[in-house]
Amino acid sequence: MQTFEAIISLLFFVWMLTLSLVSFEAPELNYQVYQMQLSSDAWRVLYLRGNFEDLSDMQLVEADLNQLGSVTGLCFFLDGIETTNCRGGVNDHDLSVSSYRTIIFNSEPKTIRFSMGT
């Protein structure tokens with residue numbers, strides 16, 4: 001009789017465990033941290049290549065943005081659509097990360113809005 005009770009208890013335990021595992025949903029992943037890190041890495045690449053020493057020639061920055069965009073498949077924007085690897089305006093793109101960065105230009109600090117999107 002104790003064996004029979006143990007089997008019923010085991011079946012009940014397995015049944016309750018199955019119900020609890022089926023009702024469990026994994027939380028949706030939040031990619032904002034990864035997007036911020038990717039944006040920070042892209043900015044660091046541009047900064048280390050020396051693109052912000054002379055802002056009069058934005059073609060150099062745009063060439064590097066095109067290279068970053070081809071590798072990542074993302075759009076990068078400096079000060080809106082002024083300098084970007086994706087033409088067509090900001091309205092056609094979903095901006096996921098925007099940050100303000102400060103650079104030293106002509107011995108004065110200058111703030112640039114750096115955005116990333118799809």
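**Entry 1: helix 2**

I began with a pair in helix 2: aspartate 41 and arginine 44 are three residues apart, which puts about one helical turn between them. I note that this is a predicted model. The side chains of aspartate 41 and arginine 44 form a salt bridge, 3.0 Å from N to O. Aspartate 41 is partly exposed at 31% relative accessibility. Arginine 44 is partly exposed too, at 41%.

**Entry 2: the other salt bridge**

How many salt bridges are there? I find two. I already had one, between aspartate 41 and arginine 44. Arginine 49 and aspartate 64 form a salt bridge as well, with their closest N and O atoms 3.0 Å apart. Arginine 49 sits in the loop between helix 2 and helix 3, and aspartate 64 sits in helix 3, so this pair ties together parts 15 residues apart in sequence. Are these two residues buried or exposed? Arginine 49 is exposed at 53% relative accessibility, whereas aspartate 64 is buried at 8%.

**Entry 3: helix 3**

I checked the length of helix 3. At 1.5 Å a residue, its 15 residues should span 21 Å, and the end C-alpha atoms are 21 Å apart, which agrees. Next I listed the buried residues of helix 3: Val61, Glu62, Asp64, Leu65, Leu68 and Gly69. They cover an arc of only 165° around the axis, so they lie on the same side of helix 3. What covers them? The cover includes helix 2, strand 1, strand 2 and strand 4. On the face turned away from the buried side I found the exposed residues Gln59, Leu60, Ser70 and Val71. Just after helix 3, glycine 73 takes a positive phi of about 80°.

**Entry 4: the core**

I looked up the largest nonpolar core, which has 15 residues. Trp43, Leu46 and Phe52 are among those with the most contacts inside it. Helix 2, helix 3, strand 1, strand 3 and strand 4 each supply at least two residues of this core. Leaving out residues up to four places away in sequence, tryptophan 43 touches Phe52, Leu78, Arg101, Ile103 and Phe114.

**Entry 5: aromatic rings**

I find four aromatic pairs in the structure. For tyrosine 31 and tyrosine 34, the ring centres are 6.4 Å apart and the planes meet at 50°, so I call the pair tilted. Tyrosine 31 is partly exposed at 48% relative accessible area. Tyrosine 34 is exposed at 60%. I also note one aromatic cluster, formed by Trp43, Phe76 and Phe114.

Key
Residues numbered from 1 in each chain as written. Predicted model: local features only at pLDDT ≥ 70, side-chain atom pairs only at ≥ 80, totals over all residues. Heavy atoms only, no water. Phe/Tyr/Trp six-rings, centres within 6.5 Å; stacked < 30°, edge-to-face > 60°. Buried < 20%, exposed > 50% of the residue type's maximum accessible area, 1.4 Å probe, protein only. Core = buried A, V, L, I, M, F, W, Y, C linked by side-chain atoms within 4.5 Å. Helix = DSSP H or I, 4+ residues; strand = E, 2+ residues; numbered from the N terminus. Contact = heavy atoms within 4.5 Å. Expected span 1.5 Å × (residues − 1). Arc of directions from axis to C-beta. Salt bridge = Lys/Arg side-chain N within 4 Å of Asp/Glu carboxyl O.
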